[in-house]
Amino acid sequence: MKKIISLLLVCAACLMMVGCGNEKKETEAESKTAETNTAETSTEEEAIGPNGLKKIEVGEALQIDAKYGSYKLTVTGIERTDWWERKHHNNKKSVVLLSYEVENINFSSILSEGVKVEYDLFKILDSKKGVLSPFLWYFDDVAEPGTVKPGEKASGSIPYVLERDSDYFDVIFTRITGDVAEVRVEM
């Protein structure tokens, strides 16, 4: 009887050791997964801009996947103009042109034959976090944006009013669902 009890105790001890070994392996696997997730989070954090949105660079395309198709938008720069002075005959403010490129992959809807890039696709912040207003006037220096049909590419510029000097601009890509990405443009 003692031999049977001893054998059962040895078997129970072996099963406990095997169980502990599996638990240790699971813990190590969970630890490695946590380290990988932390590394991925760090990489994602590096891609977050100063306003908490996905960060992209000047000249880098942002693909927009919408209900009626996809298109790519690229901010290529911002330049100061004399448009305010030409329109209002004073220097109280100035106008900057946001230059962009658009590639319509396959976007089309019953309301539009393609993509029309307008000021409401962007929100521009100056270096003091002031939001620039659209300048609703075009001179013949730059043509007003037209509709870019599926399979076509185009470039253009959109004017915005600048109330004060700024070292840089944060251009935020906006959609009906909210802000999606940002690019910092140095002056």
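The legends below describe close-up views of a predicted model.

Residue numbers start from 1 along each chain as its sequence is written, and side-chain values rest on heavy atoms, with hydrogens and water left out. Because the model is predicted, local features need pLDDT of at least 70 and side-chain atom pairs count only at pLDDT 80 or more, whereas totals for chains, interfaces and linings use all residues.

Asp126 lies in strand β6 (residues 122-126); strands are DSSP runs of E with at least two residues, helices are runs of H or I with at least four, and both are numbered from the N terminus. Asp126 is classed as buried because its relative accessibility is 3%, where buried means under 20% relative accessible area, exposed over 50% and partly exposed in between, with a 1.4 Å probe and protein chains only. Its side chain reaches two backbone nitrogens, that of Lys128 at 2.9 Å and that of Gly130 at 2.8 Å. A polar contact is a pair of N or O atoms within 3.5 Å; within protein, one atom must be able to donate a hydrogen and the other to accept it, and residues adjacent in sequence count only if both atoms are side-chain atoms. Setting aside residues up to four places away in sequence, Asp126 touches Leu132, Arg164, Ser166, Tyr168 and Phe169, contact meaning heavy atoms within 4.5 Å.

A nonpolar core is a set of buried Ala, Val, Leu, Ile, Met, Phe, Trp, Tyr and Cys residues joined through side-chain atoms within 4.5 Å. The largest one has 28 residues, and Val117, Phe122, Val171 and Phe173 have the most contacts inside it. At least two residues of this core come from each of β2 (61-66), β3 (69-81), β4 (94-104), β6, β9 (153-162), β10 (168-175) and β11 (178-186). A separate second core of 8 residues includes Val95, Leu97, Phe139 and Val142. In soluble globular proteins, nonpolar side chains tend to be buried together. Beyond its neighbours within four places in sequence, Phe173 is in contact with residues including Ile56, Leu62, Leu73, Val75, Leu121 and Phe122, and also with Val180 and Val183.

On a 1 Å grid over the protein atoms alone, a pocket is an open set of points with protein on both sides within 12 Å along at least five of seven lines, while a cavity is a set of points where a 1.4 Å probe fits but cannot get out; lining residues have an atom within 4 Å of a point. Grid points are joined across faces, edges and corners, and a volume is the space filled by probe spheres set on the points. The largest pocket holds about 550 Å³ of space. It is lined by 19 residues, of which Tyr71, Phe107, Leu121, Arg175 and Ile176 are the closest to its centre. Strands β5 (115-116) and β10 are the elements that give two or more residues to this lining. The lining comprises 9 nonpolar, 5 polar and 5 charged residues; Ala, Val, Leu, Ile, Met, Phe, Trp, Tyr, Cys and Pro count as nonpolar, Asp, Glu, Lys and Arg as charged, and the others, Gly among them, as polar. The second largest pocket has a volume of about 160 Å³. Its lining includes Lys116, Val117, Tyr119, Phe135, Tyr138 and Ile158, and divides into 9 nonpolar, no polar and 3 charged residues.

**View E. Residues with positive phi in two loops.**
His89, in the loop between α2 (83-88) and β4, has a positive phi near 60° in a residue other than glycine. His89 counts as exposed because its relative accessibility is 67%. Lys129, found in the loop between β6 and β7 (133-134), has a positive phi of about 70° although it is not a glycine. At 42% relative accessibility, Lys129 counts as partly exposed.

**View F. Glu186 and Tyr168.**
Glu186 is placed in strand β11 and is exposed, with a relative accessible area of 55%. Its C-alpha atom is separated by 4.3 Å from that of Tyr168, 18 residues apart along the chain. Not counting residues up to four places away in sequence, Glu186 touches Asp167 and Tyr168.
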